[in-house]
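Here is a short briefing to read alongside the sequence and the coordinates. Take a look at the structure first, and then follow the notes below.

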Amino acid sequence: MSSTPSVRIRAFVALGANIGEPVKHLRAAVEDLSTLPDTCVVARSSLYRSAPVGLVDQPDFINAVVAVDTGLAPLALLHALLAIEARHGRVRSIPNAPRTLDLDLLLHGDSRLNGLELTLPHPRMHQRAFVLLPLLEIAPDVLLPELGAAQDYLSAVTDQAITRSESL
């Protein structure tokens, strides 16, 4: 009996951390992503240091973006990301609080969702340098559903402090 391989969709996940050992958490999270069912990490950006957004009295964040090819549906992938966060000690207290690990599903193919659990594309990704710069590093021609080319939004985030550092 032969099985048909599942169709894999290109998805992009933003990673961020600013407490504990952020670089260690991000690297371990990429390894965790590579163990998800029917999922393969296909690209990873450099690490970027950025100032916190919202709650500003906290350490800088270390951020990155990873591309995965996955057979998981958007909500199944989201639930897997939340489980990875929990394994890394993520506690959800107040919005924009310091965290050991934050994984945001940015894009899942050209999926468009507006649900209680998940909105795709991520509704603020085009407004954040810490998402756009690493995303464009690994996918310079990426298109944001309903918004167009991601690179068209770079000029709007030039005032946000961000520094590229080492490899993920």
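The protein chain carries 14 positive and 18 negative side chains, and the centres of the two sets lie 3 Å apart. In that count Lys and Arg are positive and Asp and Glu negative, with His and the chain ends not counted; each charge is placed at NZ of Lys, CZ of Arg, CG of Asp or CD of Glu. Please keep in mind that this is a predicted model, in which local features need pLDDT of at least 70 and side-chain atom pairs count only at pLDDT 80 or more, while totals for chains, interfaces and linings use all residues. Residues are numbered from 1 along each chain as its sequence is written, and side-chain values use heavy atoms, with hydrogens and water left out.

**Overall build**

- The protein chain has three helices and 10 strands; helices (H or I, at least four residues) and strands (E, at least two) are DSSP runs, numbered from the N terminus.
- Along the sequence these elements follow the pattern β-α-β-β-β-α-β-β-β-α-β-β-β.
- The radius of gyration is 15 Å, close to the 15 Å that the globule rule gives for 168 residues, so the protein chain is as compact as a globular protein of that length. The radius is taken over C-alpha atoms, and the rule is 2.2 Å times the number of residues to the power 0.38.
- The C-alpha trace spans about 60 × 35 × 35 Å along its principal axes.
- Contact means heavy atoms within 4.5 Å; among contacts with a separation of 6 or more, 70% join residues 24 or more positions apart.

**Surface and burial**

- The accessible surface comes to about 8,700 Å², of which 54% belongs to carbon and sulfur atoms. Areas come from the Shrake-Rupley method with a 1.4 Å probe, and for residues only the protein chains shown count as cover.
- Of the 168 residues, 46% count as buried. Buried means under 20% relative accessible area, exposed over 50%, and partly exposed in between (1.4 Å probe, protein chains only).
- Helix α3 (residues 129-138) is mostly covered, with eight of its 10 residues buried, including Phe 130, Leu 132 and Ile 138.

**Strand β1 and its partners**

- Seven of the nine residues of β1 (residues 9-17) are buried, so this strand is largely enclosed by the rest of the structure.
- β1 pairs with β4 (residues 61-70) in the antiparallel sense over nine bridges, and Ala 17 has Ile 62 of β4 as its bridge partner. Strands pair if DSSP finds at least two bridges between them.
- β1 also pairs with β5 (residues 102-108), antiparallel over six bridges; here Ala 14 stands opposite Asp 104.

**The chain end at Leu 168**

- Leu 168 lies in the segment after β10 (162-167) and, at 11% relative accessibility, counts as buried.
- Leu 168 and Leu 47 are 121 residues apart in sequence but 5.6 Å apart in space, C-alpha to C-alpha.
- Not counting residues up to four places away in sequence, Leu 168 touches several others, among them Leu 26, Val 30, Leu 47 and Val 66.

**Backbone points to check**

- The peptide bond from Leu 120 to Pro 121 is cis, with omega near -5 degrees; Pro 121 lies in the loop between β7 (119-120) and α3.
- Asp 38, in the loop between α1 and β2 (39-44), has phi near 50 degrees, a positive value in a residue other than glycine.
- Glu 146, in the loop between β8 (143-144) and β9 (148-149), has a positive phi near 70 degrees and is exposed at 67% relative accessibility.
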